[in-house]
Protein chains: 4
Amino acid sequence: MDDARCDLAEGVVFEHAIPVRVYWEDTDAGGIVYHASHVRFFERGRTEFLRALGFAQADLAADGPGLLFAVRRLEIDYLKAAKLDDLITVTTSVCDIGGARLTMKQTLTRGDDVIATAVVIVVGITREGRARRIPDHVRTLFGHPPAPSEQADAAPPKA
Amino acid sequence: MDDARCDLAEGVVFEHAIPVRVYWEDTDAGGIVYHASHVRFFERGRTEFLRALGFAQADLAADGPGLLFAVRRLEIDYLKAAKLDDLITVTTSVCDIGGARLTMKQTLTRGDDVIATAVVIVVGITREGRARRIPDHVRTLFGHPPAPSEQADAAPPKA
Amino acid sequence: MDDARCDLAEGVVFEHAIPVRVYWEDTDAGGIVYHASHVRFFERGRTEFLRALGFAQADLAADGPGLLFAVRRLEIDYLKAAKLDDLITVTTSVCDIGGARLTMKQTLTRGDDVIATAVVIVVGITREGRARRIPDHVRTLFGHPPAPSEQADAAPPKA
Amino acid sequence: MDDARCDLAEGVVFEHAIPVRVYWEDTDAGGIVYHASHVRFFERGRTEFLRALGFAQADLAADGPGLLFAVRRLEIDYLKAAKLDDLITVTTSVCDIGGARLTMKQTLTRGDDVIATAVVIVVGITREGRARRIPDHVRTLFGHPPAPSEQADAAPPKA
C-alpha cells in the first residue's frame with residue numbers, strides 16, 4: 001500500500017515518448033477507449049523506453065537468472081476520454097530508483113489534451129519470481145550511480 | 001489527482017464476490033497473469049456487483065440520457081502472481097458515495113492468498129459523456145440515503 | 001491451408017457447453033462484441049472441455065516434455081452480433097483425432113440464436129514447440145482408440 | 001459457411017503493409033503470441049489499409065447511416081510462432097469485391113518467415129447493423145468499377 005506518487009526530480013535524464021494509434025480492439029461499447037487499454041498503452045511505453053536505452057526485455061529475461069520488471073503498484077488518473085482513430089502519445093520518465101524497484105511517471109496525451117496520467121512502481125524479479133536488484137549498468141543508463149550495498153527493497157510478487 | 005484510498009465504514013451493507021477462472025488469454029510470456037488482466041477482472045466484479053443490486057449496465061446506459069460508470073481513478077497493488085487455471089475470487093464493496101462518484105474497494109484472492117487490492121473511483125456520466133448525479137434509487141440500494149441537494153462533484157472524462 | 005470443416009460423426013461421445021457473460025472488455029465502439037473476443041470465448045470452451053475430461057492444461061504443460069495444444073487453423077463464421085450483458089453458451093465437440101491433431105467444432109449461441117460457429121484444428125506440441133503425438137489416454141478419453149503406429153501428422157508452429 | 005479462400009487476381013492494385021511490434025499484452029504463458037492476438041494484428045492491418053486509401057473508420061461510421069465493416073468470416077492458418085519483441089509485418093490485399101462484401105487476404109511475416117495467413121470476409125453494415133452496399137467511391141478506390149445494379153449479397157450480423 002505504498003504511495004507511488006512522485007515528482008520528477010530536476011535532474012531527470014530522459015523523457016521518452018512513443019505514438020500509439022487507437023484501434024477497434026482498444027475501445028468498448030461506451031464508444032471510448034476501455035480503461036484497461038490505457039494500462040496496455042503505458043506498458044508499451046515502458047517497454048519502448050527500455051528498448052531506447054538498449055534493453056530488449058526478451059534478452060533481459062533470458063540472461064542468467066533473468067531480469068523481469070513486474071508491476072508492483074499502478075495508479076492511473078483518467079482525465080479525458082480517448083476515441084477510435086486517435087493518435088496518442090505515451091511519455092515515460094523514471095522518478096526514482098531503489099535497490100530493486102523503479103518508480104516511473106507516465107502520461108497519455110492527444111495534442112494538448114491530457115488523457116491520463118500514471119505512476120507505476122515496477123520491481124526487478126528473476127524468471128522464478130524472486131526479487132532481483134536492478135543491475136548497476138541498468139541504474140547507470142537511467143542516470144543513477146551504482147548502488148552496491150543497497151538491499152533489495154521490494155517484496156516481489158510470488159505465485 | 002485525488003487520493004482514492006478508503007477504509008470500509010462500519011456500516012458497509014454489502015460485500016459482493018464472484019469467481020473468475022484464469023485462461024490463456026489472461027497470461028503473458030512471463031508465465032503469470034498480465035497486469036492489465038487484473039483490471040478486467042476488477043471490472044467484471046463491479047459489473048456483477050451492480051447486477052446483484054438489480055442493474056444491468058446495458059439498461060442503465062440506454063435509459064433516458066443514460067447512466068454509465070466511467071473509471072476516474074484506479075489504484076492497484078499487485079501482491080502475488082496469479083497463474084493459468086487459477087480460480088480467483090473478486091470482491092467488491094462501496095466505500096463512499098458522493099453526488100456523482102462512487103469509491104469502491106476490491107480484492108483478488110486465491111484461497112488465503114491476496115493477489116491484488118484496488119481502490120477504484122467511478123463517476124456517473126451520460127451517454128454523451130456529461131457528468132450525471134447518481135440517482136437516489138441507486139444510492140438507496142447501496143445503503144445510502146438520497147442526496148437531493150448535492151452538486152455533482154466530479155469532473156467527468158470528456159472526449 | 002487445410003480445410004478444417006467437419007461434420008460431427010454419429011458416434012460423438014461428448015458435447016460440452018459453458019456459459020460466458022459479455023463484459024465491457026469484450027465489446028468495441030461499434031456497440032457489439034469485438035470479433036477477436038469470440039476467439040477468446042472459443043478458447044475458454046476448449047479449456048473447460050479439457051478440464052471436464054480431467055485435464056488441467058497447466059499440468060499437461062508441466063508434465064515431462066509438456067503437452068500443449070497450439071491452434072493450427074481457425075475458421076469462424078460470424079452470424080449475429082452479441083452485445084454487452086449477453087449470456088452466451090459455448091459448445092465444443094471433437095470431430096476428428098489424428099496422430100497429433102484434434103479437429104473441434106464449436107458454437108456460440110444466445111438462446112436460439114447462433115452467434116458464431118467455428119472449426120478449430122489444434123496440434124499437440126511440447127513446451128519447446130516440437131510436434132507431440134496425442135497420448136493414448138487422451139485419445140481414449142475423447143472416445144477414440146489408441147493409435148500406436150500413427151505418425152505425427154501435423155507440422156507444429158515453430159519460432 | 002462460405003469458403004473464403006481467394007487467390008489474388010492479376011490486377012490487384014494495392015498491397016499494403018504495416019509493422020507491428022509484439023508486446024507482453026500479445027503473449028501468453030506458453031511463451032508465444034496468443035492466437036487471438038493475430039486477429040487483432042490483422043484488424044490493425046485492415047484499418048491502416050483503409051486509412052491509406054483515405055478512409056478513417058470513425059468518419060465512415062459517423063457519416064449518414066454509417067458504414068462499418070463487420071467481419072463475416074475469418075480463416076487463419078497459424079504456421080510459425082511469434083514471440084515477445086518480434087517486429088512483424090502485416091500485409092493486406094483485396095481479393096474480391098461484391099455488392100456488400102469485401103474479401104481480403106492478409107499475412108503476418110517476420111523477415112522471410114510466414115507466421116500466419118488469413119482470408120477475411122467483411123460486409124458493409126450501417127450503425128444499426130443493416131446490410132449496406134459498398135459505395136461506388138470506395139469500390140473505385142479499391143480498383144473496381146462502380147456496380148450500380150448489384151444487390152447487397154451478404155446477410156449482415158444482427159443483434
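Author: Begin with the sheet, which is open and has ten strands in the order β1(A)-β3(A)-β4(A)-β5(A)-β2(A)-β2(B)-β5(B)-β4(B)-β3(B)-β1(B), with antiparallel pairing. Strands are DSSP runs of E of at least two residues, helices runs of H or I of at least four, both numbered from the N terminus. Two strands pair if DSSP finds at least two bridges between them. This is a predicted model: local features need pLDDT of at least 70 and side-chain atom pairs pLDDT 80 or more, while totals for chains, interfaces and linings use all residues. Residues are numbered from 1 along each chain as its sequence is written, with chains lettered from A and ligands numbered from 1 in the order in which they are written.

Reader: Which strands are at the edges of the sheet?

Author: β1 (16–21) of chain A and β1 (16–21) of chain B, each pairing on one side only.

Reader: How many bridges join β2 of chain A to β2(B)?

Author: Five, and the two strands run antiparallel. Glu75(A) stands opposite Glu75(B) there.

Reader: How many residues of each chain are in contact?

Author: Contact means C-beta atoms, placed from the backbone, within 7 Å. By that rule, 24 residues of chain B are in contact with 24 residues of chain A. On the chain B side, β2(B) gives the most, with nine residues.

Reader: Is α1(A) largely enclosed or exposed?

Author: A residue is buried if 20 or more other C-beta atoms, placed from the backbone, lie within 10 Å of its own, exposed if 12 or fewer, and partly exposed in between. In α1(A), 13 of the 18 residues are buried, so the helix is largely enclosed by the rest of the structure.

Notes
Two residues are in contact if their C-beta atoms, placed from the backbone, lie within 7 Å.
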